[in-house]
Amino acid sequence: MNNPYFSYPLVLVDLETTGANPNSDRITEVGIVQIDEQGSRSWSQLVNPGKEIPEFIQELTGISNEMVADAPPFADVAEQVLELLQGRVFVAHNARFDYGFLKQEFKRLNMRLQAQVLCTVKLSRKLYPTEHKHSLDALIARYGLTFVGGRHRALTDAELLQQFLDVALKDHGFEALHQAIAELLRQPALPPALDPVQIDELPESSGVYIFYGSDDVALYIGKNHNIRKRVLAHFSDANPKEVQLAKRTQRLAWHETSGELGAVLLETSLVSQLEPSYNPPQRRIKELGGWRLVSKDDVLQPYWTPWTEVGSEPVFGPFRSRREAANVLNKMIDGHGLCRQILGLEPKPKSLAPCSAFLENRCRGACVGRDITHNARFSAAIERYRFPLWPYKGAVALAEGPEWAPVLQVFDQWCYLGAINHIDELPALMAKPRKFELDVFKLIQKEFKKQGHKLQKLGRGSGAESQKDL
């Protein structure tokens with residue numbers, strides 16, 4: 001037995017950081033407890049993050065900008081930290097947060113961290129399934145865990161994890177605790193062509209993931225609030241389709257998002273662009289376009305217009321193909337007694353003569369001068385397909401993520417432009433090429449109806465304003 005809890009050395013880790021994003025935020029403190037057959041040893045270090053610590057984080061952790069001003073940057077302690085972690089099971093509460101931050105810090109230094117990862121939140125849920133709360137604060141209250149000093153300090157929280165392991169050992173015994181840890185560490189069989197490093201790097205955050213096969217062709221695109229958990233579930237599924245997908249997978253890619261909205265927007269866009277073979281078949285867009293109304297001899301007639309040629313004039317659509325648009329128009333004509341001849345869809349004789357539908361009582365007689373309301377009825381019938389003008393003066397956004405670090409999902413002219421963390425990033429985002437995507441347009445309309453009261457006006461690069469100014 002290597003230690004009282006497991007047959008392999010453990011390292012209990014907690015970090016304090018400037019925020020929640022490992023790509024843009026930095027570590028401010030590292031707390032480590034090594035546990036092995038020789039006992040336990042603690043180590044901690046304040047770290048200069050090289051950026052301001054937000055006031056909210058200072059209040060939460062008690063770590064101020066002044067406290068880290070003279071602390072070493074992570075680069076100066078990286079080798080020591082890596083030595084303390086290597087060869088041990090990495091244990092943390094919400095472990096992928098701490099593990100992801102450390103991996104990113106090491107990556108910036110061209111160093112690599114790879115370890116088995118145990119999350120004590122998951123361990124608590126497994127050992128105490130009848131309990132509803134498993135946060136560290138909940139464990140402290142439930143089991144009477146004790147600490148000295150600030151609650152949100154790295155070493156304090158790491159040492160609290162050892163107290164929780166002591167409680168679990170007392171309640172369940174070594175064999176049951178060992179088995180629970182082993183089950184949580186167990187990985188499913190991976191596709192033979194897939195690099196295990198990619199599995200190790202999968203985040204436990206919201207976002208979109210892509211399975212690629214040979215020739216780097218996209219096989220499947222999915223979204224989930226926990227990318228890692230969902231991807232591994234694919235490899236554990238015995239469904240023949242999932243087994244075949246796993247065999248063909250050679251590479252993984254993923255894009256983390258701030259939440260469900262960012263994930264569904266990105267997934268919709270990527271599925272449309274990449275057309276992965278294992279996703280449900282999408283309705284193909286053969287020729288995106290719409291109807292434009294032109295007055296000819298005081299008669300309104302529809303003219304097909306490709307979407308790339310649509311300007312500021314009113315247009316009715318969009319439709320995925322000219323055939324789809326024609327089918328909609330034909331149903332409209334039959335349902336409202338309109339005349340194909342008058343609409344320019346059927347040859348018009350030189351002399352006044354009825355169209356074929358008039359002889360079958362399906363046309364009200366515009367072709368023979370008996371229907372003076374034809375224009376009005378046609379306008380009313382096609383109005384439901386009118387493409388809405390962009391109702392704002394510029395770009396707008398929906399905020400997603402924590403209140404203290406929101407991510408802005410940005411939209412303009414019914415296109416999804418992407419996500420920004422700060423309004424200063426808007427000009428660069430606005431300058432990028434954009435493409436109108438029908439499925440994304442429909443999704444935007446749905447979200448605006450649902451969350452319109454939360455929209456923020458961004459204009460063309462100025463500061464954000466509230467919905468009341470839209």
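Are R377 and D371 buried or exposed? R377 is buried, and D371 is buried as well, where buried means under 20% relative accessible area, exposed means over 50%, and partly exposed lies in between (1.4 Å probe, protein chains only).

This is a predicted model, in which local features need pLDDT of at least 70 and side-chain atom pairs count only at pLDDT 80 or more, while totals for chains, interfaces and linings use all residues. Residues are numbered from 1 along each chain as its sequence is written, and side-chain values use heavy atoms, with hydrogens and water left out.

**Salt bridges**

The structure holds 20 salt bridges, a salt bridge being a side-chain nitrogen of Lys or Arg within 4 Å of a carboxyl oxygen of Asp or Glu. Three of these pairs are set out here.

| Pair | N to O distance |
|---|---|
| D36 and R41 | 2.7 Å |
| D36 and R88 | 2.8 Å |
| R377 and D371 | 2.1 Å |

D36 takes part in a salt bridge with R41 and in another with R88. Helices (H or I, at least four residues) and strands (E, at least two) are DSSP runs, numbered from the N terminus. D36 is buried because its relative accessible area is 9%, and R88, at 13% relative accessibility, also counts as buried, whereas R41 counts as partly exposed at 31%. Elsewhere, D334, R340, E360 and R362 are linked in a network of salt bridges.

**Two packed helices**

Helix α12 (residues 322–336) and helix α14 (residues 374–382) pack at an angle of about 130°, with their axes 10 Å apart. That angle makes α12 oblique to α14, because angles under 35 degrees count as roughly parallel, over 145 as roughly antiparallel, 65 to 115 as roughly perpendicular and the rest as oblique. The crossing of these two helices, α12 and α14, is right-handed, which is the term used if the near helix is turned clockwise from the far one by less than a right angle.

On the α12 side, L329, M332 and H336 meet R377, F378, A381 and I382 of α14, contact meaning heavy atoms within 4.5 Å. The residues of this contact divide into five nonpolar, one polar and one charged. R377, which belongs to this contact, is also the partner of D371 in a salt bridge.

Definitions and conventions
Axes fitted to C-alpha atoms, helices over the stretch in contact; angles between N-to-C directions. Nonpolar A, V, L, I, M, F, W, Y, C, P; charged D, E, K, R; others polar.
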